[in-house]
Each structure stands twice: as structure tokens, then as C-alpha cells.
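User: Could you take a close look at one part of this model for me? After that, I'd be glad of a walk through its surroundings.

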Amino acid sequence: MAEVVYDHASRIYTPGARPAVNELDLSVEDGEFVVFVGPSGCGKSTALRMLAGLEDINDGAIRIGGKNMVGVPSRDRDIAMVFQNYALYPNKTVGENMAFPLKMRGLSKTEQDQKVKAAAATLGLTEFLDRKPRALSGGQRQRVAMGRAIVREPQVFLMDEPLSNLDAKMRVGTRAEIAALQQRLGVTTIYVTHDQVEAMTMGDRVAVLKLGELQQFATPAELYDRPKNAFVAGFIGSPAMNLFEVPVADDGASLGGATVPLTSEQRSAISNAGLSTVTLGIRPEQWTTSGAGSKGVSAQVTVVEELGSDAFLYGTLVTDPSQTIVVRAAGKSGAKIGDKITLNTTDSALHLFHPESGERL
Amino acid sequence: MSTSTTTPPAASAPATSHTASAPSKRSTGNVIMAIVSWVVGIVFFFPVFWMVLTAFKQENDAYTNPPKLFFTPTLEQFKEVLASGAGPALLNSLFATVVSTLLVLLLAVPAAFAVSLRPVEKTKDVLFFFISTKMLPIVAAIVPIYVVVNELHAVDNIWTLVVLYTAMNLPIAVWMMRSFFLEVPGALLEAASIDGASVWRTMREVVLPVVSPGIAATALICVIFAWNEFFIAVNLTAAQAGTVPVFLVSFITSEGLYFAKLCAAATLAALPVVICGWIAQNKLVQGLSFGAVK
Amino acid sequence: MTTTIEAATTPKKPARPQSGPGSRADGWTRRFPLLPALVFTFVITQLPFIVTIFYSLQSWNLVRPGSRHFVGLDNYIEVFSDSQFRRVTLNTIVLTVGAVLIAVALGLLLALMLNRAFPGRAVVRTLLITPFLITPVAAALLWKTTLLDPTYGLVNFVLAPLGVGQTDWISSFPLLAVMMAIVWQWTPFMMLLILAGLQSQPTDVLEAAGVDGASNFGIFREITIPHLRRFIELGVVLGTIYLINTFDTIYMMTQGGPGIASSNLPFYIYQRAFLGFDIGQSAAMGVVVAILTTIVSIFALRLIFRTFSGNEASA
């Protein structure tokens, strides 16, 4: 077990073009579960593959347990990886698949058997040990891939979207199992996903990437409550945070014919930056709704997503129908398409971002 | 198609990314391997190169020890080959090849359709039958074929070759076309059917445009086999319908001592298929393995 | 183009729901496109073989008109007691097995070589496949004259420093000479087949093996070779089927000689039928060859069908 350090590590496919991963700089503590998340093309998989030794590190360094990994082949890095499509060896049985990393490290046959049996028992694979991967279901294959990773007791686990080929229900179940397994084994784990829910629920800390650049590296709560920029704010949370570019008035921000109150610190941050407009971020649950006619931001409902426990109302501002808005309301509130509603917020933890740079104010 | 390499860049990863630790060591290895590959390629190709080179020599340049690499090129050998009967042989080969290939496509495309997209019952048996005819050695059937052809007074008739070449290539074409048809997404056919297209219209307007590269590859493979065929041709033709390989054999009997002339004749005989093969190289394996390997 | 093995739908897959399958009319509209090809193939390739069996039971020599009569299995008895036939059968086996194995071994090396990226790879591949495309008669001519000629041939010229001197390959080692030409022509085929196999390997499986601690050789032995096994088997059986019928090369290079030293079955049957005009005898030999080939074919067919339907679920 070991800590992992990306030290300004870059992956450059074509010199001169935008690097696939640009000077990634972060430290993962020993035993920590870290998730790399971002939209496709953000470099999260590339960053993982650099750690795995499957991509070159063109600049900077990556250290595992203090040892520089530049130029070290995968096989000498003492890592284990779960691939998106599992990458099981089709000609080997489940048992042979799981024993393979042990065999390659020259363990005796009895040791191999013992470790494979233990891992198989943990993952409920005992009865499948003699089967070939093609005779397994998707979920079982996923477990074999996990099993092949854990038998080794490596320094670091790497997981590249390991749940993306499972159906929705199984994904939720397996998500919890992986998190629990990692807790128990205490092995440093880097997990790549494009799904922000997976990232938030599994990671001790989450690294959000975009176009090869690290946006923010923090705990899920921190990411949610204090997103560092408008991109992170919009990416984390479902439905996404409402982002409006609004003019600043004396006591708040003008939105939809009403004024959204801002705290004195927020106002001074705006004036310090010398801004007359600002990007205002309000999460769907930071709104309170009341009927038409009361004082506040008025909106018209266009879509109602009734979930039972609560409902998401999608709408447009009455003053500017091109501006969409999302609100979390109580479940079974009876809101209908076409309803006019009035929105207010009393939350002092609204988010403000620079309208050009997107940085948090 | 043509000469482009089809490996995605990632396919080379196992070779490069796991090898040497230091980048410099890795690139030295790569340079050496590249040089070795080129040398091997050139060695394999050299006899062909030498054949073409010799075809442009005067006879006295062809007979030297050590062999001559530099000389004054001449087209004389080609002229002489064409003057001694290569012309009709080339025409015969062209006719037998093109007509039999067209017939093959005419028969194979509907048949392949009937064993893939709109399958008959017992598709597997039908496929088995077609392939098993390919496994039967022609030598086991040549005697009665000769007797029958002789009875019909069709010996030394180019149409005899057309018919036999069609039968020879048909099974390969059915299997190959089937593998192309199976690549057509089922949803495409269902969409056409929901849009109200008849089977015939679906075939013509939806399926054929999608598989046309496959048809072209199949045709090229048939051309290669028909052009190169020798056994049937030598047994069933003589002066009238002799094809290029037959001509070549008679030529070596009469002109056996003239290397340059022989090389010119061999170059003329081989050139058309070499070009077809270069164009079809990515589909060669698919054709020869009955579509089992792409 | 993709280079994966076809994850083919099995032929028994249910009919697509275009028109209700099962009805009589529907059955015939399905069968109709198939019939011309089926009938044509049957008439041209199967009838002659049945006739061959019929002929093989007769004594019939074209140079003795009126000699034709039914003799039962006499021709077969004669074939099996013919020491020349046995020698030629042995030649056929040596030639076929030898050429196939050498071509597969060389093809494997060339395929591994071509599976690496290097400048001009497409050109080298094109150079390498060319021997396979050369008309076999022309290739044989090339070997007989410019390559293996005792005085002026390139092979002796290249080997001269090794002290091989003026070997007359074709008269001293006729079967070997024929085999050289065949190997030269068929190695590219094996190479292409195995290369298709190499390129159909999923990259992530190779990466996984690297991460799991396998060396390059370990990956090759544990992952690549088992994956290639099917392609190599396919190469062996297909090569065998194609090469058992070798005729052109022998006809051109050696005429089966000296004596019958380099004759194989097709060439020997050809001689008996078309030079000896012994229809009954050659028909019987044809039947024997067909039976031998069928044994190989059964393996071949099984492999081809397995390759077609086996890979579906292994992703």
C-alpha cells in the first residue's frame, strides 16, 4: 500500500496540440479512494493509464510510494487494474484468470490456489471457477475482473469505468460493494468514471477534470458546497445547478424581475473584482416555491419530473423565456405543466462566479 | 482497401509500451526491427523484381554469372512474346475470367442473401454443401468432366472454361458474400420493412449499396483464381481456347532456353492478378478462409 | 476494415420479421434466390464425382476402343497394389505437410514482424503478399529458370560463398525444389491469416496482462499463442486442402520427375488419365484422393464453423 503522487504529469500526443493531460498535480494518500470524473475527453482515463504504465508520461512525474514511475513498465509497478470491458483472458477459466497475476509473480501453485479461493469466496465466484469467461453474465465477469485485481494485494487499485457495462440496478449494488471492499482492504484506489453520482457516492476525494486540466480536487461535500468554478458547479449535482448571468444591484442580483439577496461578503467580493454582472449559481433545492402573484422570480413550468419523494420542476423565466430554470419541490405537490410559480431563495450559500473566467468569487 | 494498413494505432501498443524501460533503448529496438522487416520484405519480393527486371533485358544480359543488375533496358522481349501467340491467350484469359466472375456474382449474390439476411430453412446444410464442393479435389472429377465435355464437342471451347470457373468460384463467393451480408445491421432491414419497402426493393436500395465494397472484393478474388487456374485449362483446352497459364507452359517448352523472353511472358501473365491482389489485399484472407476470418 | 473474427450470427438465427415465415409461399420466395446457384453447383461439381465412382468400377482405356466393361473393385485393388501409387501418395503427404508447416512457421514470424508499427509497414506488407498473387505457373517458371538454374540461378549465386557451388536443385532435389516454390507462394497467405488473428486481439486484454505482471514473452506465450491457435489451425487445414491439389508447380518445374520422384497424386492421376488414357484406373485414384481429402476436410469444416459461431460471447 502506498500513496500516489501526480507531479505536474503531462501526456502529450502531438507536440504543440492541447495535451491530453496537462500538468496534473495531486496527491492521493495511502488507503484513500479517489475518483477521477469528468465528461468524455477530459483526460481522466489517460491520467489513470499513465499511472498504469499504459501511456507514456511525457512531462513531470508520477510516484507510487515515493518511487518515480517514469519509464517503469506496468508489470513492475505493483498495481492491479479493472478494465472497462473487463479484459478477461478468453482462453483461461475464471480460476486461471484470477491466478494469472500470481503465476506471473512466480507464486507456488498451492499459494495461487489458496489466494484465488479466498478471493473467489469474497466475491461469490467459487462455483464459477472452472468456467470460461464467455459462459458468464456481465455482472459475473465484472466480479472476475475485480477478483483478478484483489488476489494480488497490490499497492494501488486502478479502475477504469468498471461499472459502465452493467445495467442501472446492478450498478448501484456493485457500487456499494466496491466501496465496502476497498474500505476493508484499505488499498489506495483510483477510480475513473464519467458518472458524477458514482464519483460523489464512492470517493473519499474526487478530482474533476475538463479538457486535460484538473478543475478541483476535494471531498464530495466540498465539491458540492464550494465548487471552485462554474464548470464544477454545473457538473456536480443532479439536476445541475442553475447558472444565470445577471446584473448586480445594490442589495443583490437582479433575476427575473426580482432581486436575489446577497450577503455583505458576497457583495464586497463582487465590488473588489470590479464587476457589474456576475454568474449566479443556485442549486435546485435552494429555491422555495409559492403560487403565482407573490413577490419573487416568476417562472412558468414546462416539465414536471415527479419522483414521489420530491419533484423536479423545469421551467422558463417569465421575463426571459430563453432562460431555463430547475427547482426541487416537495413530492406530489400537484404542479402541472403551464403553471406559473414564484421562486424565492433565503439560502445565504448561493454561488457566485466570475462571468468571464468562471472562477468562484 | 488498397495498400493502407488497417491496424488501429492502439494495436501496436503491446509491442511498444511494455518493452524496454528506457525510451532510447526502445527506439533503437524499433529501428532495428523496422530495418529487419524491410529486408525480409525485399528478400521475399526480390524474385518478382528480378523477373520483371530480366524481362527488360537482352538475352545475353540475362545469361550472366554473376547476374547483371545494370543493363540497357529493351521492350524487345515483350514484343516477341506478343508476336508468338500471347495475344489470343491473354484475350482468352480475360474472357474466361470476366465472364465467369460476372456469372458467379449473378448466382452468388441472391444465394448469399438466401443464406444470411432472409434465410431458408437448413441454411447450415446449404452452406455445408457449398463449402464441401470446394474441398473435393478437382482431380477426382476431371476424368468424367473430360469425357462429357468431349461428348459435347466442347473441348478447347472458352465457354467450357467459363462454366467450370463459375462452378469453381461460386462456393467461395457465396460464403464471402454471406459474411458481408451478415454485417448489414438487422435494424436497417427492419427499418426498410417498416418504411414499406418490398424484399426486392430493400435488397436493391438498402442492402446492395451497403455491401457493394464486399461485392467488389469478392469479384477481385474470383478474378485472381480464374486467371491463375491451370489444371482445368491445360486438360480441356488446346490451341483455340488456351489461357495465359497454358500459353506460358507451351512457351517454356518451345523457348526454354531464353530467360529474358520467359520472364517477359511470366510478367505479362502475372501482372493483372498482382494488381487485383494488391487492391484486394485486405479481403484476401476473408475470401480464402471462406469468410471465417476477416 | 475490421480485423476481428466475425462474431457471426449462427445460421439458425430466427428469420427476420419481414413477412410471416413458415408459410409455403414464403418458403419458396426464400428458396428461390438460392436455387440457381445450388442447382448449378450440384450439376457441375457433384454429378461428375458420382460419374467418377461409376467409371472407377470399369475397365476402360480410351486407346483401346471397345475395351470398356464392368470390373467391380479391380481398379481399387490395382491402385493399392501399385507401388508407384504408394510412392506418389507419400510424396503428396511429404510435400503438403512439409510446405504447410514451413509456411505456417515463416508466416507466424512475418505476421509478428508486421504487427509492429514501423515506417512503410503497408509497403512491406504489399511486397510480402506479392508471391502469393503471382500466377503459380509463372512462379514455377521463375523458380525453375532465374532462381534455381544451376549456372545462372540467383540461389546458387547467393549460396556460392557458402561453398554450395553449382547444385542442380531441380534434378538433385526435385521435391525440395517444388516445395521451395510452394512455400514462397504460400507463406504470405499464412502471414495474412495469422496477422488477422494478431490484430483481432483486444488491446485491453494485452494491457491487462502487462499490468498483471507478465513480461513480453509471458504475454506472447500465455495470451497471444492461445488466441492464435485457432488461426494457425485454420491455416493448416486450409493450406492442406489447397496444397493437396498442387499441380501447376510440379507440371512446370519437374514434370513429376525424375521418374516419379516429385509426382504427387493430382499429377500422377493426370498422367494416367491424359497421357495413359486409362479412365478406369485414374477414376479409382480420384476416388481415393477424394476420400483422403474428405478426412482433412472434416477437420476443416468443423474449424470453419467453429470460427464462425464460437467467438460470439467471448467479449
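Which residue in E10(A) is the bridge partner of Val208(A)?

Analyst: Gln216(A) is the partner of Val208(A). The two strands here are E9 (residues 205-210) and E10 (residues 213-218) of chain A, which run antiparallel and are joined by five bridges. Helices (H or I, at least four residues) and strands (E, at least two) are DSSP runs, numbered from the N terminus, and two strands pair if DSSP finds at least two bridges between them. The hairpin has two residues between its strands, and Leu211(A) takes a positive phi near 50° there.

A word on how to read all this: it is a predicted model, in which local features need pLDDT of at least 70 and side-chain atom pairs count only at pLDDT 80 or more, while totals for chains, interfaces and linings use all residues. Residues are numbered from 1 along each chain as its sequence is written, and chains are lettered from A and ligands numbered from 1 in the order in which they are written.

A residue is buried if 20 or more other C-beta atoms lie within 10 Å of its own, exposed if 12 or fewer, and partly exposed in between, with C-beta atoms placed from the backbone. Ala249(A) counts as partly exposed because it has 14 C-beta neighbours inside 10 Å. Two residues are in contact if their C-beta atoms, placed from the backbone, lie within 7 Å; beyond its neighbours within four places in sequence, Ala249(A) contacts Ser254(A) and Thr259(A). Val260(A) is 11 residues from Ala249(A) in sequence, with 9.3 Å between their C-alpha atoms.

The expected span of a helix is 1.5 Å times one less than its number of residues. For the 18 residues of H5(A) this gives 26 Å, and the end C-alpha atoms are 26 Å apart, which agrees. Just after H5(A) comes Gly186(A), with a positive phi of about 65°.

Stepping back, chain A holds nine helices and 20 strands. Its C-alpha atoms fill a box of roughly 75 × 45 × 35 Å along the principal axes, and 41% of its 361 residues are buried. Of its contacts between residues at least 6 apart in sequence, 66% join residues at least 24 apart.

Chain C has 14 helices and two strands, and 52% of its 315 residues are buried. The contact between these two chains takes 19 residues from chain A and 18 residues from chain C. Strand E6 (79-82) and helix H2 (94-104) of chain A each give at least two residues to the chain A side. That side has 13 nonpolar, three polar and three charged residues, where Ala, Val, Leu, Ile, Met, Phe, Trp, Tyr, Cys and Pro count as nonpolar, Asp, Glu, Lys and Arg as charged, and the others, Gly among them, as polar.

Chain C also meets chain B, where 107 residues of chain B are in contact with 106 residues of chain C. On the chain B side, helix H2 (residues 23-55) of chain B supplies the largest share, 15 residues.

A nonpolar core is a set of buried Ala, Val, Leu, Ile, Met, Phe, Trp, Tyr and Cys residues joined through C-beta atoms within 7 Å. The largest has 184 residues, and Ala108(B), Leu248(B) and Ala266(B) touch the most other members. Leu248(B) has contacts in both chains, including Ala265(B) and Val137(C). A separate core of 103 residues includes Ile62(A) and Ala214(C).

One caution concerns chain B. Its pLDDT (the predictor's confidence in each residue, from 0 to 100) averages 81, but stays under 50 over residues 1-22. Where pLDDT is low, the predicted coordinates should not be read in detail.
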